[in-house]
Amino acid sequence: MQMKSAVELQKILAKDAHTVIIDVTRETHFQAHHIVEAVNIPYRARQEGSSKNIFVDLFKELKLAFGTPIIVYGEHTGCRLAYMAHNAIEELGYTNVSELKGGLHGWIIEGGTTEPKNITHVTPVSPVVSPDPITAELLKKGYAEFKFSGYELASNAGSAFADFLTLPQQALEEFKPPAGYTPTRLCTHGGYLAYAQPEKGRPTIENFVISPVARELFSESFAKYPQAQAFISAANALQVSAEKTLRELLTTMESTSPGITQAFFPEGEELDAAMWFMKYPHTDTKDENGKMSLCRPHFDLGALTIGLWENGPGLRAGSSKDTITYPGWKSGEALFLPGADFWKVSTPGAGPAWHEVIQHPNDSWNEDIARLSIVFFMSHSKDSMCSVCDERHAIVY
Ligand SMILES: [Fe+2]
């Protein structure tokens, strides 16, 4: 399967007008922004009134010669739509098909232009009006620290999570999502997740996602173990506080981004949010940059991430992967990290926040745990994060 980088595609387009670029994202996404001259054939296209997938039929309507250079792209790295479209076109007998590495986000990051709206992810753009204090911080640094009254609750919930993880493995297994369960939105993720990452030279990372689904699926198991009961109680108290603070924060941004509160807190609709508790084991491996990396530089998919708590200074953030540094994130504060979609409801240039996690000398909980952190992910309801991507929450470069 051939891949082309954004830089390669830019060179190809500069000297060759014959390459056909196919955007396989949904129509509304394409209408918002796409690579100039791309053709939209949504991979999930359905026949009207039926569930029949008509991607191949629509592609055949282009009547392309079999040797035509074709480049397909989706929204981001690892997009399954692009992968499946690539396969489907090759199965028709096309011999010169490639996939754009990094998808549309990779294209934008490398300075490619999009239409009808041209997006700049990294370079801050001055808003027309004087920005509110949070937006001003986001424009300046890509992220913002803010006062969080629930900090004590977060600290308690972090401790409760560490206690929860001391349950026997057999008990932890009870909190795993059922086999075959596929989350489609943030709020439908849930439960105990363990990621083995031997290919990255890292030990298994354990997370627990608190969401309405987790509360419902595992209610009996939460009641069964005292550590689990204490954990969910502490997490619930934290969630109430996090939502309240976030609503206040967005309210202060209304002057710059009218409607932003309603986008995240739609009346009468369920919030699309999930709170992730993360445990990173110790690493003794330095990466090629000499860092004890627990998570490489990336920005998050979806709308926004709030760093609620960490047990030591491990998270670094910035407006680009080259400007990542330790934030001034102090006790009593939370950290606002816009995701890839935040521009859709805010000021262009306010994010996304690149971030990485490294193991810091002060970043240790006990012999088993290097780092604990709690993050709150949230999407705005109208155009939620990619619902088909089975990558983890992040874009990693
Ligand atoms: Fe992240």
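1. Phenylalanine 148 sits in the loop between strand 8 (144-147) and helix 7 (151-164). The model is a predicted one: local features need pLDDT of at least 70, side-chain atom pairs count only at pLDDT 80 or more, and totals for chains, interfaces and linings use all residues. Residues are numbered from 1 along each chain as its sequence is written. Helices (H or I, at least four residues) and strands (E, at least two) are DSSP runs, numbered from the N terminus.

2. Phenylalanine 148 counts as buried because it has 24 C-beta neighbours inside 10 Å. A residue is buried if 20 or more other C-beta atoms, placed from the backbone, lie within 10 Å of its own; 12 or fewer make it exposed, and anything in between partly exposed.

3. Leaving aside residues up to four places away in sequence, phenylalanine 148 touches Thr245, Leu308, Gly332, Glu333 and Ala334. Contact here is defined as C-beta atoms, placed from the backbone, within 7 Å. Leucine 308 is 160 residues from phenylalanine 148 in sequence, but their C-alpha atoms are 8.1 Å apart in space.

4. Strand 13 (residues 304-310) has seven of its seven residues buried, so the strand is largely enclosed by the rest of the structure. Strand 13 pairs with strand 15 (residues 333-338) in the antiparallel sense over four bridges; pairing requires at least two bridges found by DSSP. Six bridges join strand 13 to strand 17 (residues 369-379), also antiparallel.

5. Which residues stand opposite glycine 307? In strand 15 the residue is leucine 335, and in strand 17 it is valine 375.

Notes
Two residues are in contact if their C-beta atoms, placed from the backbone, lie within 7 Å.
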